[in-house]
Amino acid sequence: MTKYSIFTIARNALTGHKNWPRQWRSPEPAKDYEVIIVGGGGHGLATAYYLAKEHGVRNIAVLEKGWFGGGNTARNTTIVRSNYLWDESAAIYEKSLQLWEGLSQDINYNVMLSQRGVLNLAHSLGDVREGVRRVNANRLNGVDAEWLDAEAVKEFCPIINISKDARHPVLGATLQRRGGVARHDSVAWGFARAADSLGVDIIQNCEVTGIHQENGRVVGVETTKGTIKSKKIGLVAAGHSSVLAQMAGVRLPIDSHPLQALVSEPIKPVIDCVVMSGAVHVYVSQSDKGELVMGAGIDSYNSYAQRGSFHVIEHQLGACLELFPIFSRVRMMRSWGGIVDTCPDASPIIGKTPVEGLYVNAGWGTGGFKATPGSGWCFAHTLATEQPHPLNAPFSLDRFTTGALIDEHGAAGVAH
Amino acid sequence: MLHISCPWCGPRAETEFRYGGEAHIARPQKPDELDDQQWADFLFMRTNTKGAFAERWYHSHGCRQWFNVIRNTVSHQILAVYKTDEKRPDFPIKGGV
Ligand SMILES: Cc1cc2nc3c(=O)[nH]c(=O)nc-3n(C[C@H](O)[C@H](O)[C@H](O)COP(=O)(O)OP(=O)(O)OC[C@H]3O[C@@H](n4cnc5c(N)ncnc54)[C@H](O)[C@@H]3O)c2cc1C
Ligand SMILES: [Zn+2]
């Protein structure tokens, strides 16, 4: 792998940037792998990378039915933060944020992490109490958190409307200064390149259509590129988690829903932080190109269509204009949808399934982009040692049997 | 937006309805005899079908009745609407329709 640095840029400038090597190989699948990862989104690629780097496993394939990073990785609004309420969540999301903070160096790829601060607005007395409680819980867990009253919110984000007669008045907000955004594609590409350089086979246009078992344990997968053997299979397929688990006869507590986002035409810099409101389903930041990046809510019904309804967008834009009257003349350029896998407690599942050798990393729902490095790191540990790491042990599938749910609806909301 | 035909009121916009998730999840006959695994299956485990999916809808801004719909979760096409005490019409479960 050519190391990217200012010197390689200078050297390639001399030859008109015509001689950059390919960033990764495109191998044909081998017959047999030690580990197969199904799903080449950020989480699958991160899993492969940490398996190779931290655990020395090199004989790995990542199988992706389309092109890698074309799922939710490419469709999300890229908000990164770790201010979740419960100890279990704070620990895993904070681990992830710490990995983010060193990621560009670690994988030698600029993931453009921009820690510009994330506000979570409170619009009612209930929201205020929940927010203050969460700030306190975060601090006890070593996660940076501040409570801002309405005036301080206005100071931090001057274009926000804090008038008392707004339909959803701003009563305050939590602020995580270390939160922000990162560049989604770079995360997929950077992990792919880093994993590839450690020998991982990343195979695109290879859809898994069946899971082979013998005597209650997995022995391989059926794909559009033939049968591939492996005794260890990790499902990391986001919106399609249930479909894949069903191939092995495993039922999951997951429903798949469309979640939409949209971007405006590029405008001059107007908002230099991230603003989220779980209550009115608004979240907005501005990209480096100047587009306002906004997320909407999920459609109520189950779907695999990667598109959502217009009334959901209408609802989000109505609330958005209340908060930011200055956006009223901005034109929206594109909208799209992704399929998110939601769990009843708004927390993910990372661990074993009842089928031996079959592992699942799913249920990240509307908020898994921020978890990409942490999720891959924990899942790699689980696959390599066949035991969950203490960070992901609470997120087992059997918490739905024991009843030890991790209810993050308040911190996850529809947003993240 | 979906256009849903309520069995009582006829075709209406989706925004008049509320979604009730997967249909035909029968309440356990003898709840006191269930073990934790069976409770987990009943409460949390879902089919989440890709293709023809039986689901419940509630006409919350209309007649306030519940009913069932079979809808293709890939194309969103509604294949059947039926009352809760009627049998599920046959559609292949898998692979879109
Ligand atoms: C509109 C939107 C906004 C969001 N905003 C945020 C946000 O601001 N912050 C945040 O933290 N999270 C956000 N999320 C959630 C986040 O995007 C997801 O939780 C996360 O990306 C999921 O993990 P992933 O990247 O591995 O998924 P994906 O990128 O979807 O990867 C899964 C891959 O599996 C592949 N696959 C599926 N079936 C098969 C098969 N049979 N064989 C082979 N491959 C298969 C798919 O093609 C896909 O590439 C948002 C999501 C959406 C849709
Ligand atoms: Zn009706």
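Visitor: What makes the crossing of α2(A) and α10(A) right-handed?
Guide: In this predicted model, α2(A) passes α10(A) in a right-handed crossing, a label used if the near helix is turned clockwise from the far one by less than a right angle, anticlockwise being left-handed.

Visitor: Why is α2(A) called oblique to α10(A)?
Guide: Helix α2 (residues 42-55) of chain A and helix α10 (residues 372-385) of chain A pack at about 55 degrees, with axes 7 Å apart. Angles under 35 degrees count as roughly parallel, over 145 as roughly antiparallel, 65 to 115 as roughly perpendicular and the rest as oblique, so α2(A) is oblique to α10(A).

Visitor: And what makes α2(A) roughly perpendicular to α4(A)?
Guide: The axes of α2(A) and helix α4 (residues 87-106) of chain A cross at roughly 75 degrees and come within 15 Å, so by that scale α2(A) is roughly perpendicular to α4(A). Contact (heavy atoms within 4.5 Å) is where Y49(A), Y50(A) and K53(A) of α2(A) meet L99(A), L103(A) and D106(A) of α4(A).

Visitor: Why do β5 and β17 of chain A stand at the edges?
Guide: The open sheet of chain A has eight strands in the order β5-β6-β4-β14-β15-β16-β13-β17, with mixed pairing. Strands pair if DSSP finds at least two bridges between them; β5 (146-149) and β17 (332-342) each have a single partner strand, so one side of each lacks a neighbour in the sheet.

Visitor: How do you know that β15(A) pairs with β16(A)?
Guide: Four bridges join these antiparallel strands, residues 282-286 and 292-298 of chain A.

Guide: Residues are numbered from 1 along each chain as its sequence is written, and chains are lettered from A and ligands numbered from 1 in the order written. Local features need pLDDT of at least 70, side-chain atom pairs count only at pLDDT 80 or more, and totals for chains, interfaces and linings use all residues, while side-chain values use heavy atoms, leaving out hydrogens and water.

Note on methods: Axes fitted to C-alpha atoms, helices over the stretch in contact; angles between N-to-C directions. Helix = DSSP H or I, 4+ residues; strand = E, 2+ residues; numbered from the N terminus.
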